[in-house]
Amino acid sequence: MNSINNTLCKKPHLDDFSTHQSLFTRTPNLREGSALALRQRLHEYFVTTFDRYESLFETLACEEAYYEKSIPLRHPLIFYFGHTATFFVNKLLLARMIEKRINPRFESIFAVGVDEMSWDDLNDAHYRWPTPLEVKAYRDQVRTLVVNLIETAPLQLPVDWNNPWWAIIMGIEHERIHLETSSVLIRQHKLAYVKSHPQWKPSYETSCAPQNELLNVAQGEVVLGKEKSNPYYGWDNEYGTHKAQVKEFQASKFLVSNQEFLTFVEAEGYRSKQFWEEEGQAWLSFTKAQHPTFWHLRKGKWFLRLMTEEVSMPWDWPAEVNYHEAKAFCNWKKSLTGLSVRLPTEDEWYRLYDVSNLKNSSTQKINANLHLDHHASSCSVNKFSHGDFYDVAGNVWQWTETPIYPFEGFDVHTIYDDFTTPTFDERHNLIKGGSWISCGNETLREARYAFRRHFFQHAGFRYVVSEELKPVPGSHYETDKLLSEYAEFHYGDEYFGVANFPKSLVECAIEMMGDRPKARALDIGCASGRATFELATHFDSVTGIDFSARFIGQGVLLANGETLRYTLTEEGELVQYKSRSLADLNLQAVKDKVEFFQGDACNLKPQLTGYDFILAANLIDRLYNPAKFLNSIHERLNIGGVLMLSSPYTWLTDHTPREDWIGGLKKDGESFTTFDGLKMLLGEHFKLLQQPIEVPFVIRETKRKFQHTLSEVTFWERIK
Ligand SMILES: [Fe+2]
């Protein structure tokens with residue numbers, strides 16, 4: 001206890017932070033100074049965040065404003081008022097920093113009701129919402145709880161990803177995200193439900209929009225991803241590594257202004273389907289949008305909706321749109337200019353950021369419309385210059401072409417394992433740079449946030465002219481139970497000391513092949529393809545064939561140098577996230593020696609012939625006509641070549657009609673095994689090389705349920 005008591009602190013006095021008073025607190029350096037100093041920094045960071053969040057709700061004009069949804073797909077604002085407080089309780093419980101709930105009823109109401117980062121799929125369960133005063137009283141209880149923890153809980157430095165104190169900073173950063181997303185909901189609310197507030201004053205500066213132009217950005221390397229030792233808080237998706245060479249490109253000097261976007265609106269851009277991507281067309285026909293969502297046309301005059309008021313259109317402010325609108329604008333511009341105009345990729349945005357020399361400061365106002373340092377609104381696109389460009393960060397978020405994907409080494413945090421993973425679906429694009437209200441972690445270079453492409457934030461765009469897009473790294477996690485089990489069976493861990501099955505089979509095969517030629521091998525029924533890769537460490541080329549394109553997809557993905565990502569069931573709906581690449585298995589050198597095709601083992605394409613070795617692992621008892629396969633397989637094999645069969649002989653009528661089983665039944669009153677059937681069917685063209693052997697395998701179903709099977713292996717040499 002001594003060391004703990006030594007680090008206790010009195011409640012910090014505001015005078016301690018007088019130099020920072022005019023600035024909204026920055027996300028703290030967690031590795032600087034003593035434990036006492038860190039307690040003080042966290043205290044200030046928590047209290048200022050909690051207070052500012054509450055002041056945001058003071059812009060609501062009446063009680064009804066808390067309960068009416070501002071958009072149909074989100075909860076009403078009363079939920080968000082309580083939610084950020086409940087989040088602290090939930091995460092502190094998981095981190096074991098507290099042992100009991102404050103208000104179980106509220107904490108069930110205000111827990112996650114919406115898929116947080118996919119921004120849709122509202123759970124429409126009926127809620128009996130408490131009053132704003134009741135929620136405020138609850139928030140006060142949570143405030144006291146968190147302040148007490150910051151002042152008195154044992155603190156072991158450093159505060160990092162594995163430290164229980166991470167939960168406190170997670171709660172604060174989470175609240176800062178909701179400060180922004182709630183401000184968007186308030187902006188989307190009826191004007192009658194909101195009122196102006198001295199802490200939330202917009203800019204009124206406006207002038208003519210500057211003429212936009214394209215400027216060169218030199219080629220260069222970008223290095224993304226942060227290490228766990230980084231002194232600032234990060235969300236799971238920021239960790240790991242990613243490096244890329246970015247070719248020279250051109251980017252617009254300014255964000256696209258309302259004036260520049262008006263040319264698209266007036267050119268009937270919203271009525272011209274050809275400029276919209278397929279998903280954008282669906283959004284357009286559903287919403288019937290004719291202009292950006294915060295624009296309003298009255299008596300021939302355009303107005304812009306800000307958070308708490310409507311103003312005459314500031315033409316020099318950035319156009320705020322979703323991805324579909326930004327993309328349609330680019331496609332329209334492309335058709336006008338013949339240039340390959342598009343949105344930047346995430347890598348290109350980082351290149352722009354790196355050449356702009358933008359510096360964050362914790363003690364001075366930043367030279368960007370960011371951190372709430374300047375206005376509670378956007379401002380002119382030519383107000384903040386960063387090198388040759390303007391608004392590289394700040395003002396409004398900038399849409400990119402890149403769907404969010406995990407860096408190499410991605411891992412979920414145990415107390416918030418669904419922060420990012422639901423967005424790894426190729427449907428959430430990264431937005432970069434932050435807006436006027438982005439603060440905390442959101443303003444760091446490393447921050448990565450992604451939104452559904454139809455979603456509105458305080459977000460706009462800048463366009464670039466560059467070559468065609470490179471495919472983005474895959475982000476999809478295989479969640480199909482069978483495919484995930486096979487991913488683990490082939491590429492995952494070993495259980496109960498049973499060696500990896502495809503690898504064991506190939507070891508037996510190579511021993512049996514001895515000095516025989518090893519030019520070409522066929523892995524038929526290759527499933528996820530592990531044996532195909534293992535065979536390629538011995539053969540010049542290997543063909544993997546499977547009936548299921550979904551299984552082959554895993555092998556193809558790995559052969560392309562990508563990472564196979566899948567979830568494994570722990571129990572019920574709980575899963576763990578796993579990833580494997582060929583490099584993890586020391587197989588990256590053979591990726592060019594394999595090819596995968598979809599095919600039917602009972603009806604193989606004629607060109608699949610001339611093999612020295614054929615493996616059919618766990619295949620014959622899954623075929624609809626195993627005799628047809630066995631009667632013709634010799635045609636694929638060179639004379640002297642070897643056929644390796646392995647099967648547990650689990651005949652099921654689901655796969656093979658009973659009359660087509662080749663064994664495992666009574667024949668003329670006597671037991672007739674599958675091995676008997678094999679000898680009969682293969683006898684004409686093959687010689688049995690040795691008596692059958694058994695090779696075990698284990699398939700993991702859940703954390704506590706495994707399938708342990710013996711597969712019988714036979715080797716057959718083609719003799720004619
Ligand atoms: Fe949340």
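**Figure 1. Arginine 176 and the ring of phenylalanine 24.** In this predicted model, arginine 176 places its charged end over the ring of phenylalanine 24. The distance from that charged end to the ring centre is 3.9 Å.

**Figure 2. Arginine 448 and the ring of phenylalanine 407.** Here the ring belongs to phenylalanine 407, and the charged end of arginine 448 sits over it. The charged end lies 3.9 Å from the ring centre.

**Figure 3. The aromatic pair of phenylalanine 329 and tyrosine 463.** The count of aromatic pairs in the model comes to 56. In the pair of phenylalanine 329 and tyrosine 463, the ring centres are 6.0 Å apart and the planes meet at 35 degrees, so the pair is tilted. Phenylalanine 329 belongs to helix α10 (residues 323-337), while tyrosine 463 is in the loop between β14 (459-460) and β15 (464-465). These parts are 134 residues apart in sequence, so the pair ties them together across the chain. Both phenylalanine 329 and tyrosine 463 are buried.

**Figure 4. The aromatic pair of tyrosine 495 and phenylalanine 706.** This pair is also tilted, with 5.0 Å from centre to centre and 50 degrees between the planes. Tyrosine 495 is found in the loop between α12 (481-491) and α13 (501-513), and phenylalanine 706 is in strand β27 (residues 705-718). The pair links distant parts of the chain, 211 residues apart. Tyrosine 495 has a relative accessible area of 17%, which is under 20%, so tyrosine 495 counts as buried. Phenylalanine 706 has a relative accessible area of 25%; this value falls between 20% and 50%, so phenylalanine 706 counts as partly exposed.

How values were computed. Residues are numbered from 1 along each chain as its sequence is written. This is a predicted model: local features need pLDDT of at least 70, side-chain atom pairs count only at pLDDT 80 or more; totals for chains, interfaces and linings use all residues. Side-chain values use heavy atoms; hydrogens and water are left out. Rings of Phe, Tyr and Trp (its six-membered ring) pair if their centres lie within 6.5 Å; planes under 30 degrees apart count as stacked, over 60 as edge-to-face and the rest as tilted. Helices (H or I, at least four residues) and strands (E, at least two) are DSSP runs, numbered from the N terminus. Buried means under 20% relative accessible area, exposed over 50%, partly exposed in between (1.4 Å probe, protein chains only). A charge sits over a ring if NZ of Lys or CZ of Arg is within 6 Å of the ring centre and within 35 degrees of the ring normal.
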